[in-house]
Amino acid sequence: ARCCGPRAEISDSPSDGRAASEIHDVAWGFWLLVLVDAGHAASFFALLSSLGAVGAALMRGLQTVAVFVSSAVLFCAAEETQCITPVKMASIVFVLAGTLVYAAAPHTPSRTAGYRGA
C-alpha cells in the first residue's frame, strides 16, 4: 500500500520489533548522557571550588584551544569547517596570550584568602 508520495510506504507485514528496540536504545542513550553530564557538572563545580572562578575560566579557555586544535588536526581533511580559520587562530592566540599574561603576573594573597563563607 502506498501513502503520501512515492517513497512513503505502509507495510502490511507485522512489525519485526525494530521500532521498540530503537526506542529502548534511545532511552538508554539518553540516561547515559544524563549521567555523564551530571558527572561533568559535578567535576566542574569541584574544580571551581578548588581553583576559583579565574582559574576555572583559564582552564576552560585552554580546553577550548585544545578542542580547536584537535578538531583541525583530526577532521580538517574530511570537513572544511573544522579547519583553522583566521578568526579561530586569533581566538587561540588571544586565549593563550591571556593565560600567559595571567601566569606571569605576580600574585599576592588577598584579604579573603581561605574564606569559605559563614
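Apart from neighbours within four places in sequence, Ser 71 is in contact (heavy atoms within 4.5 Å) with Cys 76 and Gln 82. The model is a predicted one, so local features need pLDDT of at least 70 and side-chain atom pairs count only at pLDDT 80 or more, while totals for chains, interfaces and linings use all residues. Residues are numbered from 1 along each chain as its sequence is written, and side-chain values use heavy atoms, with hydrogens and water left out.

Ser 71 sits in helix H1. Its relative accessibility is 11%, so Ser 71 counts as buried (buried means under 20% relative accessible area, exposed over 50%, partly exposed in between, with a 1.4 Å probe and protein chains only). Across the whole chain of 118 residues, 9% count as buried.

As for secondary structure, the chain has two helices and zero strands; helices (H or I, at least four residues) and strands (E, at least two) are DSSP runs, numbered from the N terminus. Helix H1 covers residues 18-75 and helix H2 residues 86-104. Their axes come within 10 Å and cross at roughly 145°, the axes being lines fitted to C-alpha atoms over the stretch in contact, with angles running from 0 to 180 degrees between N-to-C directions. On the H1 side, the contact is made by Val 54, Leu 58, Gly 61, Leu 62, Val 65, Phe 68 and Val 69. H2 brings in Lys 88, Ser 91, Ile 92, Val 95, Leu 96, Thr 99 and Tyr 102. Sorted by class, that makes ten nonpolar, three polar and one charged residues (Ala, Val, Leu, Ile, Met, Phe, Trp, Tyr, Cys and Pro count as nonpolar, Asp, Glu, Lys and Arg as charged, and the others, Gly among them, as polar).

Lys 88, in helix H2, is buried yet has no salt bridge (a side-chain nitrogen of Lys or Arg within 4 Å of a carboxyl oxygen of Asp or Glu). The nearest side chain of opposite charge is Glu 79, 9.6 Å away; here Lys and Arg count as positive and Asp and Glu as negative, and His and the chain ends are not counted. Neighbours within four places in sequence aside, Lys 88 is in contact with Phe 68, Thr 81, Gln 82 and Cys 83.

Ala 103 is also found in helix H2, and at 56% relative accessibility Ala 103 counts as exposed. The C-alpha atoms of Ala 103 and Leu 58 are separated by 9.9 Å, with the two residues 45 apart along the chain.
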